[in-house]
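Work through the exercises below with the model open beside you. Try each task before reading its solution.

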Amino acid sequence: MNIGKPNGGRAVFGSRFAAIATTVGSAVGLGNIWRFPYEAGVHGGGAFLICYLAFALMVGVPVLIAEFIMGRGTRSNVLGAYRKLDPAHPWYWAGYLGIVASMLILGFYAVVAGWTLEYCLESLFGMLDFSSEEAGHSQFMMLTSGWRPVIWTIIFSLCNFAILMRGVTKGIERLSNILMPLLFILLVIFCVHSLFLPGFTEGINFLFRPDFSKITPSTLLGALGQAFFSLSLGVGCMMTYASYFSDKTRLGQTALTTMILDSLVAILSGVIIFPAVFSYGLSPTAGPTLVFEVLPNIFYRMTAGGIWSTLFFLLLFLASLTSTLSMSEISISFLSEEKKMGRKTATSISCGLTLLLSLLCALSMGPWKDLSIFGMNFFNLFDYVASNILMPIGGMVCSIFTGWWIDRRFIKSELTDPGTRRFIWLKPLIFFLRWICPAAIFIVFLDSSGLLPR
Ligand code: PHE
């Protein structure tokens with residue numbers, strides 16, 4: 001089966017490196033540096049880390065490969081990929097689900113990315129006060145309350161929109177290829193700094209010593225959601241990116257490299273945050289504000305804290321931007337390919353809709369603080385629904401579709417550069433896609449809905 005090739009006028013990533021760099025660019029973002037530590041903090045540290053790594057390897061990597069196969073094999077947006085592979089059945093609904101999920105994610109993501117931008121500019125102009133721990137804390141409280149989140153969310157969304165409109169995503173990607181290694185180096189430097197904190201041992205024990213009695217259904221659901229969120233899975237993002245891969249890209253290798261680098265960044269972030277949490281007497285269970293409350297304490301103690309802070313938030317802002325660009329690409333490629341819109345119209349519609357969702361989230365941090373739906377504000381609700389429900393469902397559908405539905409020869413040909421290379425993992429991969437991934441996701445769902453006997 002040779003569907004939709006060659007790449008009828010669509011972009012193709014030039015090299016193998018470009019494919020890895022862009023998928024890592026999408027995967028590495030706030031999910032690793034902001035979301036991972038707070039989820040790990042809420043769900044018991046080490047136990048969460050183990051579950052997260054197990055899901056990333058056993059569910060994440062196979063689903064990532066499945067998305068790659070579907071994307072590159074069809075050279076289509078998420079809806080088109082399902083439709084080309086099986087025009088007779090309504091599998092393409094999974095594509096709609098992915099588009100909705102990606103918009104919800106963008107909704108709350110833009111708020112947090114707005115904080116990073118605000119922090120970056122404030123520290124650049126010396127307006128962040130690092131004179132004491134309390135100053136850092138109250139500053140964060142001020143920056144994230146009232147109308148400020150709304151303003152910074154709009155500013156961030158406009159940056160995302162402007163880049164997409166001007167079609168300079170390539171430039172941003174190139175820039176991030178240079179800057180992401182820098183972010184990595186900075187994280188390593190902060191880790192070394194952690195070594196000298198009084199709470200180092202306690203923090204490290206919290207993160208790396210699993211207390212298995214802490215594994216509850218919500219730990220499992222949280223870890224599964226984090227694996228999907230961090231690897232940008234289940235929404236068609238990786239599928240869309242893979243549709244721009246060249247024929248030479250090695251799908252299995254790219255998937256594994258992405259997962260390893262992505263998890264490494266998350267772990268580094270944990271090594272920075274938790275020793276600081278315990279050193280400064282903070283609580284690891286603070287939730288979404290954790291990282292932003294802890295970091296000022298770290299910068300306060302470093303010589304030239306303002307410079308470190310500017311650099312760090314600048315890199316985090318860029319990392320968020322490469323992730324939001326990839327999220328927007330899902331709906332933009334859908335609108336322009338399936339609905340035959342011009343790219344600019346598609347971009348405006350997609351960004352306009354997500355801005356509305358972001359505003360709901362930003363307001364729920366400030367003026368609408370007390371508004372709650374199912375016990376959560378918009379921000380937490382969007383995160384929960386997208387990461388813990390829609391993404392795993394999207395991943396499950398993709399896994400079942402690839403494992404059971406698609407012609408095995410098609411899968412083999414995608415993984416072996418039509419028969420020119422060996423791919424020894426084909427049988428285990430199919431086995432995982434058919435059984436392990438759907439079953440794991442299903443059991444975690446069942447478990448967290450309280451239907452499993454205990
Ligand atoms: N993986 C990104 C992160 O960790 C978030 C993301 C989710 C990006 C879904 C694209 C699609 O920040």
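**Exercise 1: the cavity lining**

Helix 1 (16-27), helix 5 (93-124), helix 10 (217-230) and helix 14 (305-338) each supply at least two residues of the lining of the largest cavity. This is a predicted model, where local features need pLDDT of at least 70, side-chain atom pairs count only at pLDDT 80 or more, and totals for chains, interfaces and linings use all residues. Residues are numbered from 1 along each chain as its sequence is written, and side-chain values use heavy atoms, without hydrogens and water.

Task: find which helix gives the most to the lining of the largest cavity.

Solution. 
- On a 1 Å grid over the protein atoms alone, a cavity is a set of points where a 1.4 Å probe fits but cannot get out; lining residues have an atom within 4 Å of a point. Helices are DSSP runs (H or I, at least four residues), numbered from the N terminus.
- Count the lining: 13 residues, with Ser-26, Ile-105, Phe-229, Ser-232 and Met-327 nearest the centre.
- Pick the top contributor: helix 14, with three residues.

**Exercise 2: helix 13**

Task: decide why helix 13 is largely enclosed by the rest of the structure.

Solution. 
- Buried means under 20% relative accessible area (1.4 Å probe, protein chains only).
- Ten of the twelve residues of helix 13 are buried, so the rest of the structure largely encloses this helix.
- Name them: Leu-290, Val-291, Phe-292, Glu-293, Val-294, Leu-295, Pro-296, Asn-297, Ile-298 and Phe-299.

Key:
1 Å grid on protein atoms, 1.4 Å probe; cavity = no way out; pocket = protein on both sides within 12 Å on 5 of 7 lines; lining within 4 Å. Buried < 20%, exposed > 50% of the residue type's maximum accessible area, 1.4 Å probe, protein only.
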